[in-house]
Amino acid sequence: MVIHIVLPDDLASWVGTCRKARLPSNALPNPLSARFMTPAPPRSRQPRPSGRKARPGGKPQHPGAAKTPPDAVRLAVVRAWLDFARGGPFAAEPPVALRDDAQRRLYVQLLRGMVRHRRLLEAEVARLADRPPNRVDAEALALGMLGLYQLRFLDMAPHAAVFETVALAPALRKPWARSWVNAILRTAQREGLRGTDTAQPLPLAVRASHPDWMVERWTARYGTGRTTAICEANDRYEGAALRVETGRIGPQALLRRLTEEGVRASRHPLLADALWSEQLGAVLRTQAFREGLCYVQDVSSQLLMAWVAPLLEGRVLDACAAPGGKLTHLVGLRRPGTWAVGAELSAARLAQVRENLQRLRLPATPLLRADGRHLPCADRAWDAVLLDAPCSATGMIRKYPELKWRKHLEDLPAFAETQSALLTEAARAVRRGGHVLYATCSLEPEENEDAVQRFLAAQPAFRQRSFADLPRPAGLGAEPRSLLTKDGALQLLPGPQQMGLYAAILQRRGA
Ligand SMILES: C[S@@+](CC[C@H](N)C(=O)[O-])C[C@H]1O[C@@H](n2cnc3c(N)ncnc32)[C@H](O)[C@@H]1O
């Protein structure tokens with residue numbers, strides 16, 4: 001016989017939670033008693049879900065119970081999430097066992113969604129359970145988060161999302177969690193909250209799922225309004241910018257090609273030569289993409305390269321080249337008299353540069369495996385060095401949400417040290433009058449303006465030039481000065497159709 005025990009204190013706290021949340025009285029689910037938060041209690045003591053009658057034989061009737069095999073996609077997602085949450089690698093690619101395209105897309109969508117909205121989902125499961133997240137069993141928490149993500153962010157039938165999610169519990173060796181997760185998700189379903197809406201106000205860092213340190217620093221620098229906009233832009237990745245291989249096709253002609261292949265795209269509002277599509281997966285499957293008529297590259301990088309193109313002439317070294325976005329851009333300009341070389345520390349990533357050059361059918365370009373801190377070249381050998389340095393990448397969270405949980409404030413000094421060594425070496429390699437173009441995709445001053453100021457203090461032979469000294473890039477859809485810092489560096493913050501980027505022009509004095 002199954003005994004359904006309701007502990008008064010659990011019931012009282014649940015009722016309190018409902019009142020605070022102004023939930024209707026019929027939102028009261030099966031009380032989520034303390035034993036549900038901990039590893040499986042002995043079978044005979046497991047409560048059954050509210051409103052369900054025990055079946056003959058004494059076993060509770062769980063949703064998704066027995067028989068139905070667990071959904072392979074969601075099971076893979078929960079396993080990947082648990083590995084990641086325990087500090088393991090982020091399995092961005094679906095497992096090979098998931099062969100079907102639709103399954104692979106769902107895997108990416110669900111896992112990225114859980115990573116992107118981690119703090120909100122954890123907080124909401126905790127609220128519904130009336131427990132802090134760290135007192136909820138890891139597998140049960142993961143299932144609750146996965147279910148909530150589907151209910152809040154996806155347009156799928158809620159009952160199917162709940163059913164498929166709770167059915168995973170036995171495969172995770174937590175069969176008891178079925179009714180716990182079911183109760184949570186049914187309550188969430190009744191509440192009907194969508195997206196990042198919450199029943200009670202939550203701090204921005206929790207609602208928008210960012211680490212406190214990022215939100216605190218950005219708020220101090222940019223104010224609450226812009227920080228909220230950055231976080232909201234980071235939490236939406238609904239499209240991607242495409243660079244048109246203008247040496248082979250114009251933007252309008254590429255738009256037509258994509259339309260013929262069934263892909264919606266449009267001109268990018270920040271840079272008319274760039275395209276924007278909310279169907280990136282479909283773009284990657286087009287013949288136009290396979291023929292190398294476009295490259296997926298954020299508009300911020302495209303704008304940087306369009307703006308500094310007049311300085312990248314003669315012998316140009318890209319000292320941190322992989323995966324080749326900026327190098328292929330430069331080579332694609334096919335300018336007579338410009339000879340570009342790519343250097344990169346990682347052999348595997350250097351191979352990506354080679355593949356991209358080939359897919360884009362660009363002229364053969366020398367590639368070199370080298371440490372940019374010790375370049376194998378004579379002093380002042382290059383007319384320009386492009387230094388797109390490794391960094392904390394806090395401007396790239398839109399595309400790589402896992403960065404939020406993998407980058408830490410304590411990492412910044414190590415990045416700054418590497419950037420300083422790379423800048424010093426790039427300076428050695430540039431001729432008189434030549435330029436070092438320093439760029440990061442970070443929003444942190446230690447890696448940007450502070451790094452440049454430290455460099456200028458140590459290298460009096462260099463001066464910083466303003467982007468405003470250069471011709472306005474063709475097709476720019478913004479007032480140039482609005483994109484520049486007081487020192488004349490380019491600074492783009494993450495927005496609905498762009499990622500964050502910082503770039504400074506450093507010139508060696510003399511002719
Ligand atoms: C921000 S990414 C460059 C992106 C590239 N410029 C593009 O547009 O596609 C930085 C690159 O620097 C490489 N890297 C890191 N440390 C390096 C070093 N000491 N020397 C050369 N490359 C390095 C990383 O492997 C990474 O590929």
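**View 1. Residues around the ligand in the predicted model.** The ligand is surrounded by 18 residues, and the closest are Cys320, Ala322, Gly325, Gly372 and Asp388. Sorted by class, this shell holds 7 nonpolar, 5 polar and 6 charged residues.

**View 2. The cis peptide bond between alanine 322 and proline 323.** Most peptide bonds are trans. The bond joining alanine 322 to proline 323 is cis, with omega at about 5°. Proline 323 belongs to the loop that runs between β5 (315-318) and α14 (325-332).

**View 3. Arginine 380, a residue with positive phi.** Most residues other than glycine have a negative phi. In arginine 380, phi is near 55°. Arginine 380 sits in the loop between β7 (367-369) and β8 (382-388). Is arginine 380 buried, exposed or partly exposed? Arginine 380 has 14 other C-beta atoms within 10 Å, so this residue counts as partly exposed.

**View 4. Alanine 393, a residue with positive phi.** Alanine 393 is not a glycine, yet its phi is positive, at about 60°. The loop that holds alanine 393 lies between β8 and α16 (403-406). Is alanine 393 buried or exposed? Alanine 393 is buried, because 21 other C-beta atoms lie within 10 Å and the cut-off for a buried residue is 20 or more.

Conventions. Residues are numbered from 1 along each chain as its sequence is written. This is a predicted model: local features need pLDDT of at least 70, side-chain atom pairs count only at pLDDT 80 or more; totals for chains, interfaces and linings use all residues. Helices (H or I, at least four residues) and strands (E, at least two) are DSSP runs, numbered from the N terminus. A residue is buried if 20 or more other C-beta atoms lie within 10 Å of its own, exposed if 12 or fewer, and partly exposed in between; C-beta atoms are placed from the backbone. A residue is near a molecule or strand if its C-beta atom, placed from the backbone, lies within 6 Å of it. Ala, Val, Leu, Ile, Met, Phe, Trp, Tyr, Cys and Pro count as nonpolar, Asp, Glu, Lys and Arg as charged, and the others, Gly among them, as polar.
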